[in-house]
Amino acid sequence: MSLRDQIFFSDAAKELTQLAQNRKVVVITDKNVSFLYRDKLFKKYDTIYVAGGERCKNLRTADDIYSKLMDMKADRDTVIIGLGGGVVCDIAGFIAATYKRGCSLVLIPTTLLAQVDAAIGGKNGLNQNGFKNIIGTFRQPDSIIIDTGFLKTLDRNNLNNGVAEILKTSAVYDRKFFEKIEHTVISELNDKKMLSVIKKTVRMKLAVVKDDPEEKNLRKILNFGHTVGHALELKLYWLHHGAAVSVGMAAACKISSKLSGLSRSESERFIECIKLNGLPVKISKLVSTPAIIDAIVQDKKKSGVSIDIILLKNIGHPVINRIEISRLRELIDDIR
């Protein structure tokens, strides 16, 4: 069975009922999701709640979940359901990969970010000492249920978290798709068009993951914008993921013009698309270049004194560029 066969674009309540037949189910979710969907989706199942947000994505939370699973007599035949946004999907994936050396995992992503990115591809990360995804596993879910009905509860900022990832995937994989959405405010699409964009983004990501499931080479291109973006998230705790990645992509475009031959017109074209979608493109004056570099030094992609950064030769044509961190610092200073 391929990764694509595991993904259902359907009503979450219906699919969950089918998947949970005659099996013990434990739902991992957060209290915001519980408030909105408990009665409809998971009232009859054992449930473990997490606080929500990046600050709960750590080993303390995992330890608490392990203890609760043991109290619930969960075993290797138990189905772990991750119901929520990217944080919940990461935590549930990590738990399913490690509890009793692995049990079944079903993800029901409730945000656009999770539907097009966090739930897709089997990367499950926990934070450590304030740094993102330092601890993690590769564990593909057994099933993913994508129900666009969840998106009706999201505000513009939360939708734009996913919009940034849609733009990122188009930039590194499919120029024609980028051209199709280039003049579109994605958060304002109707249900039918949004579903089409989600399906296309999922297909693009799956095509990359299929060829490089453990991020040895090709899958690194999906980190476009994330080297600087993750650093900004770390230093500006209030910054939404989409905003951080958008600034990171704009920075990567400007660096690409210096290092990988991206034309100025192509760079400006992509940056204008980011801006059209209401996302920022400038590095905040509240965080210094040394602070950004301090965060990048802890990035899991760092190797020795260098780090792989994803640049563009053209839109749709990414380049994996290994660069010394001291040189990256100079470049960030130069493009601010």
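In strand β8, the bridge partner of Ile7 is Ile144, and that of Phe8 is Ile145; helices (H or I, at least four residues) and strands (E, at least two) are DSSP runs, numbered from the N terminus. The model is a predicted one, in which local features need pLDDT of at least 70 and side-chain atom pairs count only at pLDDT 80 or more, whereas totals for chains, interfaces and linings use all residues. Residues are numbered from 1 along each chain as its sequence is written, and side-chain values use heavy atoms, with hydrogens and water left out.

These two bridges belong to the pairing of β1 with β8 (residues 143-146), which is parallel and extends over three bridges; two strands are taken to pair if DSSP finds at least two bridges between them. Both strands are part of an open sheet of six strands, in which the order is β1-β8-β5-β4-β2-β3 and the pairing is parallel. Because β1 (7-9) and β3 (46-50), at the edges, each have a single partner strand, one side of each is left without a neighbour in the sheet. On average, and with direction ignored, neighbouring strands of this sheet are turned by 20 degrees against each other, where axes are lines fitted to C-alpha atoms, for helices over the stretch in contact, and angles run from 0 to 180 degrees between N-to-C directions.

Two helices pack on this sheet. Helix α4 (residues 86-98) touches β2 (25-30), β3, β4 (79-84) and β5 (104-109), and its direction makes about 165 degrees with that of β4, contact being defined as heavy atoms within 4.5 Å. Helix α8 (residues 191-211) touches β1 and β8, and its direction makes about 170 degrees with that of β1.

Strand β5 is mostly covered, six of its six residues being buried; buried means under 20% relative accessible area, exposed over 50%, and partly exposed in between, with a 1.4 Å probe and protein chains only. In a regular strand the side chains alternate between the two faces of the sheet. In β5, Ser104, Val106 and Ile108 point one way while Leu105, Leu107 and Pro109 point the other way. Strand β5 pairs with β4 in the parallel sense over six bridges, and Gly84 stands opposite Pro109 of β5. The pairing of β5 with β8, also parallel, runs over two bridges, and in β8 the bridge partner of Val106 is Ser143.

Ser143, in strand β8, counts as buried at 9% relative accessibility. When its neighbours within four places in sequence are left aside, Ser143 is in contact with Gln6, Phe8, Leu19, Leu105, Val106 and Leu107. Ser143 and Ile145 point one way from β8, Ile144 and Ile146 point the other way, and all are buried.

A further open sheet, of three strands, has the order β9-β10-β11 with antiparallel pairing. Since β9 (302-303) and β11 (317-324) stand at the edges with a single partner strand each, one side of each is left without a neighbour in the sheet. The antiparallel pairing of β9 with β10 (residues 306-314) extends over two bridges, and in β10 the bridge partner of Lys302 is Ile307. Helix α13 (residues 325-335) lies across β9, β10 and β11, running at about 115 degrees to β11.

Glu266, which lies in helix α11 (residues 264-276), is buried, with a relative accessible area of 8%. With neighbours within four places in sequence left aside, Glu266 is in contact with Arg175, Asn314 and Ile315.

Asn22, found in the loop between α1 (12-19) and β2, has a positive phi of about 60 degrees although it is not a glycine, and at 84% relative accessibility Asn22 counts as exposed. Asn129, in the loop between β6 (123-128) and β7 (131-138), has a positive phi near 55 degrees and is likewise a residue other than glycine; Asn129 counts as exposed at 68% relative accessibility.

Tyr237, in the loop between α9 (226-235) and α10 (241-259), is exposed, with a relative accessible area of 64%. Together with Trp238 and Leu286, Tyr237 makes a nonpolar surface patch of about 440 Å².

Conventions
Patches are made of residues with over 30% relative accessible area and no salt bridge: like charges are joined within 9 Å, nonpolar side chains (Val, Leu, Ile, Met, Phe, Trp, Tyr) within 5 Å. Accessible areas come from the Shrake-Rupley method with a 1.4 Å probe; for residues, only the protein chains shown count as cover. A salt bridge is a side-chain nitrogen of Lys or Arg within 4 Å of a carboxyl oxygen of Asp or Glu.
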